[in-house]
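Subject: Structure for you to look through

Hi,

Here is the structure I promised to pass on. Please open it beside this email and follow along.

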Amino acid sequence: MTMVAATPRLAARRRLWFAPVLLGVAILVGTAIGETRLPLMTVLQTLANKLWGAGYPVDRIDAGIIWSYRLPRAIVAACCGAGLALTGVVLQALLRNPLADPYLMGLSAGASTGAVLVTIAGVGGGAVSMSFGALGGALLAFACVILLAHAVSGGAGGGRANQAAAAIILAGIAGSQLFNALTAFTIARSANAEQARGIMFWLMGNLSGIRWEDVGACIFVSIGGVALCLWHRRGLDAFTFGADGAAALGINVQALRGSLITATAIMVGVLVSKVGAIGFVGLVVPHAMRFLVGTRHDRLVPASALAGAVFLVAADVISRIIVPGQVLPIGVVTALVGAPAFALILVRGARR
Amino acid sequence: MRIEVHALSAKVHRVPLLQGISLHIERGELFGLVGPNGSGKSTLMRCLAGLRRPSAGRVLAEGTEVRKMPARDRARRIAFVEQQADTTDRLTVREAVELGRTPYLSPLRGWSEEDAAAVEAALSAVEMTAFAERLWHTLSGGERQRVHIARALAQDPELLMLDEPSNHLDIRHQLSLMALIRDLPITRVVALHDLNQAAACDRIGVMQGGRLVVVGTPADILDEALLAEVFGVAATRSVSEGGATHLHFSHAL
Ligand SMILES: Nc1ncnc2c1ncn2[C@@H]1O[C@H](COP(=O)(O)OP(=O)(O)O)[C@@H](O)[C@H]1O
Ligand SMILES: [Mg+2]
């Protein structure tokens, strides 16, 4: 009997070794494909040259494109995909709501407002970076949404925890609208036409400005996020039957919710500040992965992080090649995939 | 586990849900809670489980206040099956029961043979072994109820609390569940609707309007006057040869 229980877990653990390989391949392919397609061999040779001075003869311009632009961009795309997918996993588990997603809950909208206030309206007088603006905006939006939800539901407790979860989503919608309006207002008031076009592009998600100096923070938050979620995997599982169910299983509900949702807000703030507000990754990827690996977080967390990373690298490649000679915002690509998936989740939820 | 409740009150927005409840439950006792809908049975159980903060009074388990126990320790000793707990997650019966082992696991301490054995034993106790790989949303209400009870058993508690456990069950499973509960060697607190089932408890407490109106053995307290007063029904009582109490309800008063 024990064997029956242990086998799928062992198999899943063995399969995890494919994760870094798959991720590596995705990043390499993402580096090779673009406006000008470079052979995979050139990419590998460039990496070998840069990493351990292998000395292959590679065209200087090709090497520059690969090392300075494409590679950091692909790595950041992977980190963002992983981070956003994890955020969806965490929010859906803790709020018991299949539609919980940073984009829908206004975190991304808040981050955008913060970034726009700093870059265009000059809040902070140049002493504050755009990243800090986005981070502050995400945390502020998060606080607003939670407070509003708290006011609506009169505090989560008793058998009314589910009502509180619904309130959070409604509050998120209100928050998103408010912060999107603030962003639009700031742009309309302070930005010139050139700035406005640039910022609109950034808001839909844009990785073209990514350089090596952006990579560290993205890697840090995404790997930190995976580690934190794995550490709390059993706590996330325990929410299966709601917050009271988790409390009865010995989970400190307030502490776990507080720390994981705060971590989520920080993660979203950092990622949005680098690449703009990319929607639907946090919604689509976790749901797809639940079908593949089940609902247990020991498998769901790594699977979602990996799939999110691969998904966003692929979305970035598609955004660069789908319209020849033009780069689409990556948010357009994720929304084209995500909106129908969102509809599907709604329909399936209604049938239950 | 010995439970003492001292002058317990609970409120929501200044509306009292429980008022001045004092009660002792002995080690190994099967204690039934009965009372009409809305009389406060679930609220009292949530306070006993440490899930709800009382507005006044104390709940002690073996002398320690339950609200002050570390959550993990409490969950190893007290298991609680809520009246309604559902999920939209696609998880299997076995996974749902495995959740009961949560208080024994930690981020670094993984799944062990002992945990697997506890899950198997719990599944077989509620006759759900054959359903172990079924998905939650394919189960009937009664089957879900039995999985919840298996989850609580997998917690290996000293105090098991069940809030109207036989609600969705057919008559055979009601009887086998009551037999299972009666045979468990731990302290049990069970909220019950069926007064004939309550008659099988060691002692029962009768709730009305947030107060505990009477506590005693079924033979002592379940009589025609009480049924008329608290439940508003006309009933006759008979005692069978084995000494078991049987109630026959005729009409609402
Ligand atoms: N969070 C709450 N807010 C307002 N009223 C509540 C709340 N929880 C319970 N009640 C009320 O308290 C009373 C007792 O509820 P409960 O303990 O569930 O009764 P029982 O389980 O005996 O049917 C009911 O009248 C119920 O409506
Ligand atoms: Mg009840």
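Just after α5(B), B:Asp156 takes a positive phi of about 55°. The model is predicted, so please read every value here as computed from it. How far apart are the end C-alpha atoms of α5(B)? They are 20 Å apart. That agrees with the 20 Å that its 14 residues should span at 1.5 Å a residue. The helix is also well covered: 13 of its 14 residues are buried, so α5(B) is largely enclosed by the rest of the structure.

Most residues other than glycine have a negative phi.

- B:His13 is not a glycine, yet its phi is positive, about 45°. Find B:His13 in the loop between β1 (3–12) and β2 (15–25) of chain B. Is B:His13 buried or exposed? Its relative accessible area is 63%. The cut-off for exposed is over 50%, so B:His13 counts as exposed.
- B:Glu127 is not a glycine either, and its phi is about 60°. B:Glu127 sits in the loop between α4 (113–125) and α5 (141–154) of chain B. With 37% relative accessibility, B:Glu127 counts as partly exposed.

**The ligand**

Where does ligand 1 lie? It lies between chains A and B. There are 11 residues around ligand 1, and B:Gly38, B:Gly40, B:Lys41, B:Ser42 and B:Thr43 come nearest. By type, the shell divides into 3 nonpolar, 6 polar and 2 charged residues. Helix α1 (residues 41–48) of chain B gives the largest share of the shell, with 3 residues.

Now zoom in on the polar contacts. An oxygen atom of ligand 1 is 2.8 Å from a polar backbone atom of B:Gly38. At B:Ser42, an N or O atom of the side chain is 2.6 Å from an oxygen atom of ligand 1. At B:Thr43, a polar side-chain atom is 2.5 Å from an oxygen atom of the ligand. Taken alone, ligand 1 exposes 560 Å², and the protein buries 61% of that.

**Helix α4 of chain A**

Next, switch to chain A. Helix α4 runs over residues 60–95 and has 36 residues. From its first C-alpha to its last, α4(A) reaches 51 Å. At the start of α4(A), a side-chain oxygen of A:Asp59 comes to within 2.9 Å of the backbone nitrogen of A:Ile61.

Where is the kink in α4(A)? It lies at A:Arg70, shortly before the proline A:Pro72, and is about 35°. How many residues of α4(A) are buried? The count is 29 of the 36, so α4(A) is largely enclosed by the rest of the structure. Just after α4(A), A:Arg96 takes a positive phi of about 50°.

**Helix α13 of chain A**

Helix α13 (residues 281–293) of chain A has 13 residues. Its end-to-end C-alpha distance is 18 Å, close to the expected 18 Å. Buried residues in α13(A) include A:Val281, A:Leu283, A:Pro286, A:His287 and A:Arg290. Just after α13(A) comes A:Gly294, with a positive phi of about 90°.

- A:Leu107 is in helix α5 (residues 107–119) of chain A. At 2% relative accessibility, A:Leu107 is buried.
- A:Leu170 is in helix α7 (residues 161–190) of chain A. At 58% relative accessibility, A:Leu170 counts as exposed.
- A:Leu271 is in helix α12 (residues 253–275) of chain A. A:Leu271 has a relative accessible area of 1% and is buried.

Best wishes

Note on methods
Residues numbered from 1 in each chain as written. Chains lettered and ligands numbered in written order. Predicted model: local features only at pLDDT ≥ 70, side-chain atom pairs only at ≥ 80, totals over all residues. Heavy atoms only, no water. Helix = DSSP H or I, 4+ residues; strand = E, 2+ residues; numbered from the N terminus. Expected span 1.5 Å × (residues − 1). Bend = angle between axes of the 7 residues up to and from the residue. Buried < 20%, exposed > 50% of the residue type's maximum accessible area, 1.4 Å probe, protein only. Polar contact = N/O pair within 3.5 Å; in protein donor to acceptor, adjacent residues only side chain to side chain. Near = heavy atom within 4 Å. Areas by Shrake-Rupley, 256 points an atom, 1.4 Å probe, with all protein chains shown as cover. Nonpolar A, V, L, I, M, F, W, Y, C, P; charged D, E, K, R; others polar.
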